[in-house]
Structures are given as C-alpha cells and as structure tokens.
Amino acid sequence: MTPHDVLIIGSGPAGLTAAIYAARANLNPLVIEGEISSTSDQPGGQLMLTTEVENFPGFEHGVQGPELMTTMRAQAARFGAEFVTAKATRVDLSDRPFGVWIENDEYRAKGLIVSTGARSLMLGLEEERRLIGHGVSTCATCDGFFFRGQEIAVVGGGDSALEEATFLTKFASKVTLVHRRDQLRASKIMQDRARANPKIEFAWNKRVVNLNGTDNLQGAVLEDTITGEQSDLDVTGLFVAIGHVPNTDLFKGQLALDDQGYIVTGPGTRTDVDGVFACGDVQDHTYRQAITAAGSGCMAAIDVERWLEAHH
Amino acid sequence: MAAGILTVTDSTFDESIGSAATPVLVDFWAEWCGPCKMIAPVLEEIAKDQADRVTIVKLNVDENPDIARRFDVMSIPTLLLFKDGEVVHRTVGAKGKNQLLAELDAYL
C-alpha cells in the first residue's frame, strides 16, 4: 500500500485550510471528513449548523456557515485534495507510516494532521435522547421553524447560546435563556443584542434537571443553583448550547492530551508524536473561532510540509 | 420503476403514498436546513440503487405544513417510512448511507 504524504482527519475550517495548503504544496492530501449527522460533529464541522457568520474576514455582509464550509471544501478539491465521507474509527501512531482505519479499510500516511474539532455537549438527561426530534433539538437553524408562536428555551451562556436564542426569536413568541450562573461569558456584542431583544428572558442561576412530556416536550424542570429550589418552565422546545468537548477519543493513549482532553501542541502545531500535527478546536479551548481554526490549519500544513522535506 | 426522487405536496401526499407498489420513504426537508442538503445525495443514491425495494419522495415542510403537522414533524430532516399507508419507521436527523440502509433494511 502506497502511503499518502498527508492525511487529514476532520473537515472544519482547520482541516479544510490545511487541505488547501497541502494540496497547493502538491502533497495530495486525503481528508477523512467525517460522517453525515445532524450534530456539530459532521463534515464541515460546527459551522454547518450555524446561520450568519459575521466575523470571518473577507465577507463584508457576512456569510452563511454552511456556504462558507461548502466553498472551502470546493476550494480544497480544486487543488486536488481528496475526500472520504466517513469517520475514522482507529489510528495507530506508533507505526510508520501512520495507520488510520475506517472500520476495516486501512489508510497509511507519512504525515498526519488531526483536526477533529469539538462537539456540542448535551445535558445528559435520560429524557433528552428520547425527546430529540420531539421538542429537544440539536440544530436551531433546522428546527426553529417548527416553534413558530411557541415558548421555548435555550440552555447556555456563551456566544452559541446567545446566537441561537437571538435567531430563534424569529419564530418563537418567547425564548428563555437558562444559564447556571448570573453572568454570561458571551461576547459583548452578542450580549447587547440579546438583552435588547424583547422576546428574550433570562433565567439566571438555573440548570435543567428534568424534561417533561411523553410524546413531545411539554416543559423543563429547573433547579436554582444557589437555593436548590425547583420550578417548572413551560416550553415546547429546548435547544442546548452548553459548551463543547474535543473529539479526541480516537487518540487517547497515543497523543498527549491536557486534563480537559484537548491535544497538547507546540511549538507550532506539533504534537508529542513526531509527524503528527494538530489544529483547530481539537487543540484550542481558548479562542475557538473559525478564523483561528483556519489559521492553525494553515500552520499545520506548513509544519507537515517542512517535516516531510526534512524526514523523507 | 423509475429511479429518482419525486416531490409530494399537501395535496398529492395521500394519493402518492396510497398508490405506491413499494414502501415509500418520505423526506421532510427545507431549503434552510443544512443537514437536509447533506442527505440529499445519499437519498438520490438509495433511490437509484434500491428502486425496486423503496420509493423515495420529498416534502418541503415550508410549503406543505399540513402533512408535516399531521405526522408531528418537529425536526428536520425527518424520514418516515410508509408501508401499506402506515408509518412503520421514523428516523430524525441526517445519517450516512450505510447507517440509513441498515435502519431501513428490516422494513423493506
């Protein structure tokens, strides 16, 4: 089996930018782009579930998340990057060339770029899984439409939560933002926008402890994080945006991870395994922006190119 | 049986489901739904490969709210499989071809 020069696992802004640069350096990258799903863990990554991206430089009037990712993928393909639409199920980084498997299909690569990103956390409630598609949603842009004129809730306090809450006011009559603290970690502009929106109400110091409803969601049970007091919130829709976890299960025991599970990198995008580079949200819990992910993807492609020149 | 995916609407839905010779998979979708666009090519492939076993039709929920409401669709993509006019399987969310076929196989 002839090994690929560069194999990229993951296809968000980091992976696709790495693919564009590696392809233009004639490294014929193969991108294992992930498996189709309705969660943030899919080809194109978290931006596939967003609407307007207003802060990606070069788009004066903003760009739709899925459109940005589709264009990035086409740009990488134009320079010869190839794609496999599936999820890598196993890697062996102790062997050279490195081994990557999709079930029983084996791939070999001299250099490896890991850009598997992060996926949205769910609440972890028993009722949650059963009610997905019946009031509980993982995709505000897909499902907001079905809650026209209804009262719904968004759980979380970061940029994603506020963006979803603001977006959902286009449909819902009222959006309650449930947050476990009394202040938000979202950016100033998102906070100002949400606070100025008359349809958004805030439930501070509350966490969701149970969901009501047999066939469809009929309400959420909130618990006050200070007093422990419980209350009912009458909502027919619930959108969860409480943060992310890095997709690093595949690399446990093979790459150095920090205590939150993110891949440890540096200098540049180097990991602790020579020839393996990591970029994007899988190694970044600080910035987590499309543009920083893309920037680190470019760095990874340059790092792998120089590493290949020096070692092969 | 012609390969390809037909469009059904609020007014043609019942007739299309009732008159089909095979089980019918209905794809509830909309223009603004990213995951719906991702499964569109997957469904095209299944429609072509499995034309003798399943008929695939699509219904735009934006333009046809009555049928979406009748089947309590609150999330898209939702795929409903009909056999003899009854819903025999429901799947919510985008999935890859193999996973989808594995789910549908028992009913076809």
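This is a predicted model: local features need pLDDT of at least 70, side-chain atom pairs count only at pLDDT 80 or more; totals for chains, interfaces and linings use all residues.

How do the side chains of B:D66 and B:R69 meet?

Analyst: The B:D66 and B:R69 side chains meet in a salt bridge, at 3.8 Å from N to O. That falls inside the 4 Å cut-off for a salt bridge. Both residues sit in helix 3 of chain B (residues 65–70), and they are 3 residues apart, about one turn of the helix. As for solvent, B:R69 is exposed at 60% relative accessibility, while B:D66 has 44% and counts as partly exposed. The cut-off for exposed is over 50%, which is why the two partners get separate labels.

Chain B has another salt bridge to look at, between B:K97 and B:E45, with N and O 3.0 Å apart. Here B:K97 belongs to helix 4 (residues 97–105) and B:E45 to helix 2 (residues 34–49), so the bridge ties together parts that are 52 residues apart in sequence. B:K97 is partly exposed at 23%, and B:E45 is partly exposed too, at 40%.

Altogether 22 residues of chain B are in contact with 20 residues of chain A. The two chains bury about 1600 Å² between them, with 66% of that on carbon and sulfur atoms. B:W32, B:M38 and B:M74 supply 40% of what chain B buries against chain A, more than any other three residues. Between the chains there are 0 salt bridges and 4 residue pairs in polar contact. By residue type, the chain B side divides into 13 nonpolar, 5 polar and 4 charged. B:W32 also forms one aromatic cluster with A:F145 and A:F146.

Over in chain A, the salt bridge between A:K110 and A:D5 has its closest N and O atoms 3.1 Å apart. It links strand 8 (residues 105–114), which holds A:K110, to strand 1 (residues 4–9), which holds A:D5, across 105 residues. Both ends are partly exposed, A:K110 at 27% and A:D5 at 24%.

Chain A has a ring pair of its own, A:F202 with A:W204. Their centres are 5.0 Å apart and their planes are at 5 degrees, so the pair is stacked. A:F202 is partly exposed at 23%, and A:W204 likewise at 26%.

For the overall tally, the structure holds 20 salt bridges over all chains, and a search of the whole structure finds 10 aromatic pairs.

Notes. Residues are numbered from 1 along each chain as its sequence is written. Chains are lettered from A and ligands numbered from 1 in the order in which they are written. Side-chain values use heavy atoms; hydrogens and water are left out. Helices (H or I, at least four residues) and strands (E, at least two) are DSSP runs, numbered from the N terminus. Buried means under 20% relative accessible area, exposed over 50%, partly exposed in between (1.4 Å probe, protein chains only). Contact means heavy atoms within 4.5 Å. Buried area is the accessible area (1.4 Å probe) that two parts lose on being put together, summed over both. A polar contact is a pair of N or O atoms within 3.5 Å; within protein, one must be able to donate a hydrogen and the other to accept it, and residues adjacent in sequence count only if both atoms are side-chain atoms. Ala, Val, Leu, Ile, Met, Phe, Trp, Tyr, Cys and Pro count as nonpolar, Asp, Glu, Lys and Arg as charged, and the others, Gly among them, as polar. Rings of Phe, Tyr and Trp (its six-membered ring) pair if their centres lie within 6.5 Å; planes under 30 degrees apart count as stacked, over 60 as edge-to-face and the rest as tilted.
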